[in-house]
Amino acid sequence: MPVAVQMTSYGPPAVLTVQDVSLPPLGATDVRFRVEAAPVNRADLEIRSGTWPVHRDDPFPYTPGLEAVGVVTETGDAVEAVDRGDRVITMMQGLGGVHATYPGGYQSHVTVPADHVAVLPGAVDPRAIASLGLAAVTAHQALDRLALAAADRVLIHGATGGVGGAALRLARALGLTPIASTTRADNEEVLRDLGADRVAVLEDVEDDLPPVDGVLDPVGQAVFTPSIAALDDGGRYCLVGAASGADLALSAWDLMRGVVLTGYSTETLDGSALRSTMRRLVALLQSGALTPPPYETLPLAEAATAHRQMEARAHRGRLLLVP
Ligand SMILES: NC(=O)c1ccc[n+]([C@@H]2O[C@H](COP(=O)([O-])OP(=O)(O)OC[C@H]3O[C@@H](n4cnc5c(N)ncnc54)[C@H](OP(=O)(O)O)[C@@H]3O)[C@@H](O)[C@H]2O)c1
């Protein structure tokens, strides 16, 4: 019997329960896949609690999950680029998450238009790919926007988290010099082991940040102002999230130093960008240049536990729901 995590109101993790569901009809351009892993992302928590509400008046019952990896079981009559048995990843671009026009990744079976998936090489470990997933796509796109040269110093905030952790691994793989930040001193060793050239422990942000060529920031408010101050003249800053809040204070003098502010959201990711970025990530993974983050698996029925762990920042690595 197909199952899905559903919530019927915004609220604490306990609003997430597993329900039996029936499979939706398969459209001519759709693919259906059996889910092998559905990563938990902080954005799922923001949507669940209502701090980032769904863009629909009555979105319930709502199935969270911005992404999923699995094996295709059915394809619509007009689908040519995807076959039964293919391993695929989707990021529900414009369909799941806050759009909620399709149920999200926390399900046993996901149905999406074929253009919304990237076919993965059969040999790839589905959990390794899921542990990189949307976080690594975000980090990759943000590093592209920072346009750094080999050995440039890049400050990566939230480096113990999904996006920051993927950015740290990618920065190393691409030959940059990553400086990782964390709010917890006990994370320092783990971040050094991951390849951080230096770790900034943000007890006293102002004193801790060294001069850098670029900043990749999923944290936002708590680190924005000192991050801009740490940028060398002409340096680039890319915001990809606001885990600590979205109110940013910028001094006009910093713009006159030529610093460049930009940002990226996977809300703008289309099928073509998904496929090209996944090709790049898989190539780095298969060459050994990129290592996947550690992950913990939980059954779909434990979605609420996974949300509690991420909320308490009590986990290390990625959390994957497995049907
Ligand atoms: N732009 C996009 O397309 C995109 C894609 C994915 C995620 N995001 C956004 O990026 C942000 C991070 O997502 P994620 O999935 O990487 O989250 P995550 O796994 O929870 O990681 C966030 C990290 O930020 C650090 N942090 C510092 N201050 C924090 C605070 N006040 N609250 C929470 N964490 C804090 C934590 O590291 P320490 O405990 O070591 O300090 C934590 O590990 C979220 O806002 C999310 O919505 C955006």
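In this predicted model, helix α1 (residues 42–49) packs against helix α9 (residues 303–311) at an angle of about 105°, and their axes lie 10 Å apart. That angle makes α1 roughly perpendicular to α9. On the α1 side, the contact involves Arg 42, Asp 44, Leu 45 and Arg 48, and α9 brings in His 307, Met 310 and Glu 311. Sorted by class, the residues of this α1–α9 contact come out as four charged, two nonpolar and one polar.

Then there is the pairing of α2 with α3. The axes of helix α2 (residues 126–146) and helix α3 (residues 162–173) come within 8 Å and cross at roughly 55°, which makes α2 oblique to α3. The crossing of the two is right-handed. From α2, the contact draws on Ala 135, Ala 136, Thr 138, Ala 139, His 140 and Leu 143, and these meet Gly 162, Val 163, Ala 166, Ala 167, Leu 170 and Ala 171 of α3. Here the tally is nine nonpolar and three polar residues, with no charged ones.

As for α3 itself, its 12 residues reach 17 Å from the first C-alpha to the last, close to the 16 Å expected at 1.5 Å a residue. A run of α3 is buried, made up of Gly 164, Gly 165, Ala 166, Ala 167, Leu 168, Arg 169, Leu 170 and Ala 171. The cover over these buried residues includes α2, the strands β8 (153–156), β9 (177–182) and β11 (212–217), and the helices α4 (188–193) and α8 (271–287). After α3 comes Gly 175, with a positive phi near 80°.

Terms used: Residues are numbered from 1 along each chain as its sequence is written. This is a predicted model: local features need pLDDT of at least 70, side-chain atom pairs count only at pLDDT 80 or more; totals for chains, interfaces and linings use all residues. Side-chain values use heavy atoms; hydrogens and water are left out. Axes are lines fitted to C-alpha atoms, for helices over the stretch in contact, and angles run from 0 to 180 degrees between N-to-C directions. Helices (H or I, at least four residues) and strands (E, at least two) are DSSP runs, numbered from the N terminus. Angles under 35 degrees count as roughly parallel, over 145 as roughly antiparallel, 65 to 115 as roughly perpendicular and the rest as oblique. A crossing is left-handed if the near helix is turned anticlockwise from the far one by less than a right angle, and right-handed if clockwise. Contact means heavy atoms within 4.5 Å. Ala, Val, Leu, Ile, Met, Phe, Trp, Tyr, Cys and Pro count as nonpolar, Asp, Glu, Lys and Arg as charged, and the others, Gly among them, as polar. The expected span of a helix is 1.5 Å times one less than its number of residues. Buried means under 20% relative accessible area, exposed over 50%, partly exposed in between (1.4 Å probe, protein chains only).
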